[in-house]
Amino acid sequence: MTFRQYHTIFQNQPFRWFWSGFTISVLGDGLSRVALTWFVYEATGSARALGWLALCYTGPIIVGGLMAGMLLDRFDPRRVMMVDNLVRGLVMLLIPLLYLFGWLALWHIYAVAAIYGLLMMISLAGGPTLVPALVPSGQLATANALEMLSFTIGGVISPVIAGLLIGWMGAPNVVALDALSYLCFAFCLTRVTMPAPTTPHADAKPRSGLSEAVQLLLHNPILLATTSMYLVLNIGSGFMAVWLPILADSLPGGGATLFGALLGVIAAGEVISALLVGSMRFRLPLGTLICLAEVLSGLALIWLPISDQSWLIGSGLFLFGFCSAPLTIWAQTLRMQIIPAHLRGRTFALLRMLMQSGNPLGGALAGGLFPVLGMSAMIALTALVIGAPGVVGYMVRTLRVAGVAPVAAEEAV
C-alpha cells in the first residue's frame with residue numbers, strides 16, 4: 001500500500017483546481033444546511049416546519065436531476081457548473097441580506113432550500129461527468145476516493161464548525177460563508193483547462209432527452225445491477241436514520257452527544273477506508289469487491305443488538321463505515337469506464353437520482369416498521385437489506401468479473 005497515487009493525481013493541475021473548489025463547496029453546503037435547520041427550529045419550534053424544510057431540500061431533485069443531465073451533456077459541463085455555482089451563491093447570499101434588513105421570513109428559507117434542491121444535481125452529476133476528461137483511466141479510483149473524502153470530511157467538519165459559528169454570528173450570517181464557497185468553486189472552475197475531445201459527439205448532442213440514458217441503464221448488466229444494489233442499500237441506510245438516534249438515546253449515558261459520536265465513528269471508518277482504497281490496487285475484479293464490501297457492510301451491523309456497551313456498538317458502526325465507503329468509489333470507477341462521454345451527464349444524473357431515492361423511502365418504511373418490530377429485529381432487517389444485495393449481485397457474472405484492476409499503479413511518479 002502506498003500513497004503515491006495521491007501524490008501523482010495532485011500533480012494534475014486541472015484536477016487539483018476542480019477538487020479544491022468542490023471540497024470547499026461541500027463544506028459550505030454543510031454549514032448552510034445546519035444553519036438553516038437550526039434557524040427554522042429556533043424560529044418555530046416545530047417538527048412540521050423542519051419536515052417542510054427537508055422536503056424543500058430534497059423534493060425538487062427529481063425535476064432538477066433531469067434538467068441537470070441534459071444540460072451537462074448538451075453544453076460544456078465545466079461552464080454549466082460555473083453558472084450553477086454563481087446562481088446558487090447569489091441565492092444563498094439573499095438569506096444574510098434579508099436578515100440584515102429585518103425582512104427574512106420562513107418562506108424565504110423554504111424558497112432558497114428549494115432552489116438548492118433544484119440545482120444540486122448539477123454538481124453531483126457534473127463531477128463524474130467532468131473527472132474522466134481530467135484524469136487518465138488508471139487514476140479514476142483515486143479521483144473517486146477523493147470525491148468520497150470530500151463528502152465524508154464535510155459531513156464531519158461542517159456541523160462542528162456550524163455549531164460554533166451559529167453561536168458567534170447567528171445562523172443566517174453563517175449562510176454567507178456558503179455563498180462565498182460557491183464563488184470559490186466557480187473561480188476554481190475557471191482555472192480548469194479541458195483537453196480537446198478525441199472523439200466528436202456533435203451528432204449526439206442534439207438528442208438531449210433521457211431515453212438514451214434509460215436504455216443504457218436497462219441494457220447494461222453492470223449499471224443495472226449496481227444501481228439496484230445501491231438503491232436497496234440506501235433503503236437500509238434510511239432504516240438506520242430512524243433507529244440509530246433511538247438506540248443512542250437508550251444506551252447508558254446516551255443522548256444527543258452519544259448520537260453525534262456514533263455518527264462520527266461511522267464517518268471515521270469512511271475516511272480511513274476511502275484513503276486506503278484510493279491508494280491501493282487489488283487483484284480481485286472491482287465487481288467482486290463491490291459485492292464483498294456490501295455483504296461485509298451488512299454483517300458489521302449484526303452484533304449491534306447483542307450489547308448495550310457503547311464501545312462495542314461504536315466498533316460495529318466503524319466497521320460499517322469502513323466497509324461501505326469503497327462501494328461508491330469502485331462503482332463510480334466502473335461507471336466512468338462504461339458510460340460514453342456524450343451520455344455521462346444524463347446517465348449519472350439518472351443513476352444518482354434513483355439511488356438517492358432509497359434514503360427517504362427507507363426512512364418512511366422504518367417509521368411504520370419500528371413500532372411493530374422493535375429495535376433488535378429492525379437492526380437485523382437493516383443488516384439483511386444492506387448485505388443481501390451483495391450476494392445477489394455476485395450471482396451476476398458480468399458484474400462479478402467487471403473491472404479487473406492492475407496490481408501495480410499504471411502511472412509514473
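This is a predicted model: local features need pLDDT of at least 70, side-chain atom pairs count only at pLDDT 80 or more; totals for chains, interfaces and linings use all residues.

Student: How many helices and strands does the protein have?

Tutor: Count the secondary structure elements and you get 17 helices and 0 strands. The radius of gyration is 21 Å, close to the 22 Å from the globule rule for 413 residues, so the protein is as compact as a globular protein of that length. Its C-alpha atoms fill a box of roughly 55 × 55 × 40 Å along the principal axes.

Student: What share of the 413 residues is buried?

Tutor: Buried residues come to 52%. Take Thr-226, which sits in helix α10 (residues 221-250). Buried means under 20% relative accessible area, and Thr-226 has 2%, so it counts as buried.

Student: Which backbone oxygens lie by the polar side-chain atom of Thr-226?

Tutor: The one of Ile-222 is 2.8 Å from a polar atom of that side chain, and the one of Leu-223 is 3.3 Å from such an atom. Leaving out residues up to four places away in sequence, Thr-226 touches Arg-335 and Leu-399.

Student: And Leu-97, where is that?

Tutor: Leu-97 is in helix α5 (residues 77-100). Its relative accessible area is 39%, so Leu-97 is partly exposed. Leu-97 belongs to a nonpolar surface patch with Leu-90, Leu-93, Leu-100, Phe-101 and Trp-103, and together they have about 680 Å² of accessible area.

Conventions. Residues are numbered from 1 along each chain as its sequence is written. Side-chain values use heavy atoms; hydrogens and water are left out. Patches are made of residues with over 30% relative accessible area and no salt bridge: like charges are joined within 9 Å, nonpolar side chains (Val, Leu, Ile, Met, Phe, Trp, Tyr) within 5 Å. Accessible areas come from the Shrake-Rupley method with a 1.4 Å probe; for residues, only the protein chains shown count as cover. A salt bridge is a side-chain nitrogen of Lys or Arg within 4 Å of a carboxyl oxygen of Asp or Glu. Helices (H or I, at least four residues) and strands (E, at least two) are DSSP runs, numbered from the N terminus. Buried means under 20% relative accessible area, exposed over 50%, partly exposed in between (1.4 Å probe, protein chains only). A polar contact is a pair of N or O atoms within 3.5 Å; within protein, one must be able to donate a hydrogen and the other to accept it, and residues adjacent in sequence count only if both atoms are side-chain atoms. Contact means heavy atoms within 4.5 Å. The radius of gyration is taken over C-alpha atoms; the globule rule is 2.2 Å times the number of residues to the power 0.38.
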